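Please keep the sequence and the model in view while reading.

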Amino acid sequence: MQNSEVKLAPCVYCGDDTRHHDKVPPKIFLDEEFYSGVASVPACYKCCQGYHLDEEYLACLVECAKCGTVDANAIERSIIKFIINEKPLLFEKLSKAKSPTGGFNFKSDSVRHAVVKLARLHAAHQMNEPLTKSPTSVIITPLDSMPFGERDKFETPPSPIIGSRAMRIMSAEVNGGYFTEWVDIQPGQYRHLTFVSEKIFSRIVLGEYLACEVAWE
Ligand SMILES: [Zn+2]
């Protein structure tokens, strides 16, 4: 199909009309055998480019934290190993995020920028409309540092409300019924739970290591 024949649609990040698309989630968060069948949403080239470096940093940071090192030789995911070898500035930034005691610091504008982007991607995809407003809360923390009660709450999908319009909009349709549960895009690598209750919530777990929750009023 010619590019001009692809219909214009509003970018999920800024609302401007575009023919460009973004993957849900972007490929850097998945291993190659999981690329096919990944959904996409309308997203303009400018927005996608604006997130690219922060997404790359987040994917690398999660992998470094899991492997406990910034040494590319000890990194498991081949794409991340390749990127760290190819990009000395990124390597330097990752090295600065590693504390002398071995932990990694996830408190940075780059991490927050990339996490909010991913959450917006899932929320917009499930609502089938752009979500351009700013979130009301953002939580980013390693899964194993969450207190038990908090972790339990984070992991538990909301109870379905039969006939709820919000639940229908935000839930996957399976066998003619609707439900909300974790979507395991790549086991051990990427899962998310996106739903509407009193707010719009998008929860994401990266590398079965980093827990993220972004909410919108
Ligand atoms: Zn845009």
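Axes are lines fitted to C-alpha atoms, for helices over the stretch in contact, and angles between N-to-C directions run from 0 to 180 degrees. Helices (H or I, at least four residues) and strands (E, at least two) are DSSP runs, numbered from the N terminus. The model is predicted: local features need pLDDT of at least 70 and side-chain atom pairs count only at pLDDT 80 or more, while totals for chains, interfaces and linings use all residues. Residues are numbered from 1 along each chain as its sequence is written.

The chain has 6 helices and 11 strands. Of its 217 residues, 35% count as buried; a residue is buried if 20 or more other C-beta atoms lie within 10 Å of its own, exposed if 12 or fewer, and partly exposed in between, with C-beta atoms placed from the backbone. Two residues are in contact if their C-beta atoms, placed from the backbone, lie within 7 Å. Among the contacts with a separation of 6 or more, 61% are between residues 24 or more positions apart.

Two packed helices are described by the angle between their axes and the distance between the axes. Helices H1 and H3 pack at an angle of about 50°, with their axes 10 Å apart. H1 is therefore oblique to H3, given that angles under 35 degrees count as roughly parallel, over 145 as roughly antiparallel, 65 to 115 as roughly perpendicular and the rest as oblique. The crossing of H1 past H3 is right-handed, a term used when the near helix is turned clockwise from the far one by less than a right angle, anticlockwise being left-handed. From H1, Glu56, Tyr57, Cys60, Leu61 and Cys64 meet Leu90, Lys93, Leu94 and Ala97 of H3.

A nonpolar core is a set of buried Ala, Val, Leu, Ile, Met, Phe, Trp, Tyr and Cys residues joined through C-beta atoms within 7 Å. The largest one has 49 residues, and Cys60, Leu61 and Val115 have the most contacts inside it. Two or more residues come from each of helix H1 (45-67), helix H2 (78-86), helix H3 (88-97), helix H4 (109-127), strand S9 (190-196), S10 and S11. Leaving aside residues up to four places away in sequence, valine 115 touches Leu58, Val138, Ile140, Cys212 and Val214.

Strands pair if DSSP finds at least two bridges between them. Strand S5 (residues 137-142) runs antiparallel to S11 and is joined to it by 6 bridges, with valine 138 opposite valine 214. Strand S10 (residues 200-206) also pairs with S11 in the antiparallel sense, over 7 bridges, and here leucine 206 stands opposite leucine 210.

The hairpin of S10 and S11 has 3 residues between the strands, and glycine 207 takes a positive phi near 60° there. Glutamate 208 lies in this loop between S10 and S11; its phi is near 50°, a positive value in a residue other than glycine. Glutamate 208 is partly exposed, with 15 other C-beta atoms within 10 Å.

Asparagine 128, in the loop between H4 and S5, has a positive phi of about 60° although it is not a glycine. Asparagine 128 is exposed, with 10 other C-beta atoms within 10 Å. Finally, the peptide bond from valine 24 to proline 25 is cis, with omega near 0°, and proline 25 is found in the loop between strand S3 (21-24) and strand S4 (39-42).
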